[in-house]
Amino acid sequence: MALGKNFRGEGRKTTNYYSTVFVAVFVGFCLVGIWIVMSFIVPFQNTIVQAPETVNEGKRIVNNNASTHFENSLGDIPVESTKVDSQTQKTESESQPENEGDRKGVEKVSEDSPEENKQEVVRDSSGQSSEKNDLEKDLDGNLNSESESNKSTDNNLGAERNIGEATDQEEKFGEAEEDKTENHVHSETKQSTGESNLESHVNNKVSKEAFLAGTQPETLTEVATENGTWLTQAAESQHEKESQKSSASVDNSKYDWKLCKTSAGSEYIPCLDNVKAIRMLRSIKHYEHRERHCPNEAPTCLVPLPEGYQIPIRWPQSREKIWFNNAPHTKLVEVKGHQNWVKVTGEYLTFPGGGTQFKNGALHYIEFIQKSLRNIAWGKRSRVILDVGCGVASFGGYLFEKDVLTMSFAPKDVHEAQVQFALERGIPATLGVMGTKRLPYPGSVFDLIHCARCRVPWHIEGGKLLLELNRVLRPGGYFVWSATPVYQKDPEDVGIWKDMVEITKSMCWDLVVIGKDKLNGVAAAIYRKPTDNECYNRRPKNEPPICDESDDPNKAWNVSLQNCMHKVQVGASERGSVWPEQWPLRLEKPPYWLNSQVGVYGREASVEFTADYKHWKNVISHSYLNGMGINWASIRNIMDMNAAYGGFAAALKNWKVWVMNVVPFDFPDTLPIIYERGLFGIYHDWCESFSTYPRSYDLLHADSLLSKLKDRCNIVAVIAEVDRMLRPEGYLIVRDNVETTSEIESIAKSLHWDIRFTYSKGDEGLLCIQKTFWRPTKAETIAAAIV
């Protein structure tokens with residue numbers, strides 16, 4: 001029995017041995033097979049989503065379509081192990097179907113330690129973290145070392161390094177047509193739990209990319225303060241406000257928000273509704289009551305929403321109709337309805353595209369101007385134009401089809417809400433008046449100026465207002481005036497025409513043609529500004545006089561109108577002596593006159609111009625469009641609050657948006673460059689309210705601005721102004737130092753805004769926040785704005 005037992009035991013051992021060998025060989029083949037399979041799916045490893053441990057435990061979510069799209073859109077991104085919170089998904093009401101795709105993923109990424117060996121920690125909204133792997137550390141090191149080694153190559157942008165070739169970026173970004181935009185956004189913003197997790201994971205993975213793409217390159221880092229050629233508007237600004245240091249007396253740790261109680265209600269504009277200041281005016285002969293009269297202290301209250309307010313209709317449908325409750329005014333309907341300006345149609349205000357001089361539609365009128373003078377060449381030679389007394393801005397709205405950008409302006413007057421209608425439609429417009437002050441634009445920047453019965457008395461006081469147009473009109477540019485004095489023969493019109501002939505001749509404007517529009521029964525006189533000083537020098541009388549050489553035509557912020565003309569710049573290196581390149585080449589090519597200047601960061605201006613453009617193309621294509629939690633399908637009206645060279649707006653060229661570029665009055669005056677490249681903008685002091693209606697913009701962008709305002713402005717009042725300008729569900733992007741972004745984040749939370757994205761590295765911070773519909777219940781009476 002013992003022998004038999006031992007024998008059976010030996011047989012079992014032999015069998016186990018062969019079984020073990022078989023299993024080992026089988027496992028080996030399996031491992032080889034897995035290795036082969038994995039080698040084929042390596043390119044997609046970054047797109048596999050791991051479900052968060054705290055949400056939907058045990059589930060694994062993979063969306064191949066979204067993953068492939070993410071990879072194709074962003075290029076190579078360092079692998080990061082992240083955990084996300086899918087419970088921040090937003091619930092939309094049935095009354096706002098157009099915004100069902102809006103997202104509320106909340107990501108927070110920080111790197112606070114400068115120590116070389118400290119691991120970067122990626123944090124989500126729940127406070128969970130994961131450590132950065134060695135590959136990412138090596139990538140960071142390569143970026144830093146390459147930044148140092150490329151200092152001599154000023155034409156290259158440091159932020160592009162290790163992210164992808166510039167040509168690849170431009171090809172990807174150039175495909176951003178409207179239908180692709182809609183598909184991209186809706187594919188990322190569906191309301192299923194699985195796609196919500198995917199979206200949050202994608203946004204977290206791109207967070208590092210977002211910051212790296214936005215890092216200011218070596219070329220754009222300030223190295224000198226001797227920028228004598230870069231003056232500011234503050235140097236000659238009249239009536240400059242004293243520094244508003246009320247921020248020192250405000251406890252920014254407590255925010256007691258209240259609604260602004262004013263006569264203007266939901267349309268309160270602090271600098272235009274200062275009833276107390278307007279009542280104290282000695283005269284309103286020159287429309288002084290329509291000009292800016294800002295309160296001594298900027299308000300910190302919040303403007304209420306109109307009853308029944310809804311998220312605006314998206315472009316391009318918004319050009320034809322808007323929600324009536326968003327701008328509930330009928331006066332223009334009653335006064336201008338027969339001219340096809342605006343009509344009430346059920347719950348909408350509709351815009352047939354007509355105007356005082358083009359009842360049968362703006363497109364026909366635009367074609368009529370082009371046929372009258374083919375040299376106008378809409379969208380090529382004539383790219384940036386000024387529309388004076390714009391009405392509801394249908395003229396500018398339809399010029400988008402011709403690749404023309406129109407700065408439309410009109411006063412807040414008895415024709416209530418005309419500019420508000422324009423902005424609600426998604427058409428560029430701002431509030432302004434031809435009164436006692438210069439328009440807030442540089443000299444010689446508009447390719448064409450248009451006035452269709454704009455009610456401006458050009459002929460009075462020696463043509464003083466016409467001389468202001470001469471200041472901002474580019475040499476060789478056109479003034480299109482379609483008004484009754486051009487084609488009607490009643491005594492008043494004949495007298496005005498006679499005065500205009502005399503004034504324009506003394507200004508050396510050439511009456512090129514008088515075109516006749518038979519369909520609308522109107523005519524337009526088209527004048528051209530001279531390109532040299534020959535006519536000025538041979539005038540028998542120096543009337544109007546030539547401005548003194550000390551009078552800078554580019555100084556426009558709070559500067560009084562001057563009854564004189566500036567000579568045309570004729571030097572080879574002077575701005576205005578040569579017409580800009582045709583659009584769109586002028587967007588990317590540095591202006592010829594930059595070659596002789598030092599840039600705002602202390603290096604060659606043309607090099608900085610190119611670097612700035614590449615920098616913002618990188619940031620937008622690699623970060624803003626994908627990793628910030630922004631629903632870009634809802635974006636139409638954008639403001640860059642500190643525009644510098646205008647690179648941010650230029651990088652958005654292929655998207656169906658427009659950007660109001662703002663150059664702060666005490667920053668280097670780069671606004672002429674922005675116009676030269678075929679964009680537009682305005683001067684402003686951010687310690688004051690901007691001249692626009694509440695809820696005008698979908699997105700505000702503040703790059704390196706707010707930290708510089710804190711010494712002079714009440715930062716709480718600045719954010720209150722941001723809240724006033726921004727539409728509910730609109731976005732604010734802040735790029736600044738960490739102290740400032742942290743403070744803005746704290747204020748935003750007190751406003752019940754959603755924190756969509758935060759990132760910090762060293763002393764630099766990036767923040768994206770979204771305004772909500774929240775309004776406080778308490779009210780604050782603004783006595784100066786009560787009738």
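Colleague: Why is Tyr-255 called buried?

Modeller: In this predicted model, Tyr-255 has a relative accessible area of 18%. Buried means under 20%, so Tyr-255 counts as buried.

Colleague: And what makes Trp-257 buried?

Modeller: The relative accessible area of Trp-257 is 6%, and that is under 20% too, so Trp-257 is buried.

Colleague: Why is the pair of Tyr-255 and Trp-257 called stacked?

Modeller: Their ring centres are 6.2 Å apart, within the 6.5 Å that a pair needs. The structure holds 24 aromatic pairs.

Colleague: What makes the pair of Trp-458 and Phe-479 edge-to-face?

Modeller: Happy to show you! Centre to centre, the two rings are 5.9 Å apart, within 6.5 Å, so they pair. There are 80 degrees between the planes, and over 60 counts as edge-to-face, so that is the label.

Colleague: Where in the chain do these two residues lie?

Modeller: Trp-458 is in the loop between strand S11 (446-452) and helix H13 (464-472), while Phe-479 belongs to strand S12 (residues 473-482). They are 21 residues apart, and the pair links distant parts of the chain. Both Trp-458 and Phe-479 are buried.

Colleague: Which ring does the charged end of Arg-636 sit over?

Modeller: That of Phe-400, at 4.7 Å from its centre.

How values were computed:
Residues numbered from 1 in each chain as written. Predicted model: local features only at pLDDT ≥ 70, side-chain atom pairs only at ≥ 80, totals over all residues. Heavy atoms only, no water. Phe/Tyr/Trp six-rings, centres within 6.5 Å; stacked < 30°, edge-to-face > 60°. Buried < 20%, exposed > 50% of the residue type's maximum accessible area, 1.4 Å probe, protein only. Helix = DSSP H or I, 4+ residues; strand = E, 2+ residues; numbered from the N terminus. Lys NZ or Arg CZ within 6 Å of the ring centre and 35° of its normal.
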